[in-house]
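Here are a few friendly notes to read alongside the model.

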Amino acid sequence: MIPIDGSVRIFVATQPVDFRAGINRLMGLVTHVLGHDACAGDVFVFRNKGADKVKLLRHDGSGAVMATKWLDRGRFFWPPVQSGTMVLSGPQCTALLSGLDWKKLPAQEARRPLIFG
């Protein structure tokens with residue numbers, strides 16, 4: 001669901017969401033609250049108020065996929081609560097989902113190849 005090679009953008013919603021929200025509600029939040037195209041193939045990461053649960057959402061071109069992860073102990077490291085989204089790299093997202101402090105990893109933007117023609 002999350003390629004770490006930089007081929008997919010990963011957006012983290014900085015505000016917690018009601019974890020009763022299903023796939024349709026989260027797709028609506030992506031479009032109408034966060035201002036992104038929910039069907040563009042990007043990954044969106046949401047958390048609950050307790051920061052011990054996350055939901056990931058991605059539309060892969062044929063339909064939407066949602067995954068949930070709960071930590072048995074501890075909390076996910078999360079950016080300060082503000083509005084909008086922030087971008088994570090693949091390795092940072094992997095660290096976030098592992099319950100590690102992803103902020104210690106450098107954010108590297110994927111460079112698109114130049115097309116000469």
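**Notes on the fold and its contacts**

1. Let's begin with Val54. Setting aside neighbours within four places in sequence, Val54 is in contact with Phe19, Val45, Phe46, Arg47, Ala67, Thr68, Lys69, Phe76, Trp78 and Leu97. Please keep in mind that this is a predicted model.

2. Val54 also turns up in the largest nonpolar core. That core has 16 residues, and Val45, Val54, Trp78, Leu88 and Leu96 are the ones touching the most other members. Strand 1, strand 2, strand 3 and helix 2 each give two or more residues to this core, and the largest share, 4 residues, comes from helix 2. Apart from this core lies another one, of 14 residues, including Val17, Phe19, Ala21 and Met27. As background, nonpolar side chains in soluble globular proteins tend to be buried together.

3. How do strand 1 and strand 5 pair, parallel or antiparallel? Strand 1 (residues 10-13) pairs with strand 5 in the antiparallel sense, over 4 bridges. Within this pairing, Phe11 stands opposite Val87 in strand 5.

4. How many salt bridges does a search of the whole structure find? The search finds 3. In one of them, Arg9 pairs with Asp42, with the closest N and O atoms 2.9 Å apart. Arg9 lies in the segment before strand 1 and Asp42 in the loop between helix 1 and strand 2, so the pair ties together parts that are 33 residues apart in sequence. Arg9 is partly exposed at 45% relative accessibility, while Asp42 is buried at 7%.

5. Asp18 forms a salt bridge with Arg20, the closest N and O atoms being 2.7 Å apart. Here Asp18 is partly exposed at 42% relative accessibility and Arg20 is exposed at 74%.

6. Lys53 and Asp52 also meet in a salt bridge through their side chains, at 3.9 Å from N to O. Lys53 counts as buried at 19% relative accessibility, and Asp52 counts as partly exposed at 22%.

Key:
Residues are numbered from 1 along each chain as its sequence is written. This is a predicted model: local features need pLDDT of at least 70, side-chain atom pairs count only at pLDDT 80 or more; totals for chains, interfaces and linings use all residues. Side-chain values use heavy atoms; hydrogens and water are left out. Two strands pair if DSSP finds at least two bridges between them. A nonpolar core is a set of buried Ala, Val, Leu, Ile, Met, Phe, Trp, Tyr and Cys residues joined through side-chain atoms within 4.5 Å. Buried means under 20% relative accessible area, exposed over 50%, partly exposed in between (1.4 Å probe, protein chains only). Contact means heavy atoms within 4.5 Å. A salt bridge is a side-chain nitrogen of Lys or Arg within 4 Å of a carboxyl oxygen of Asp or Glu.
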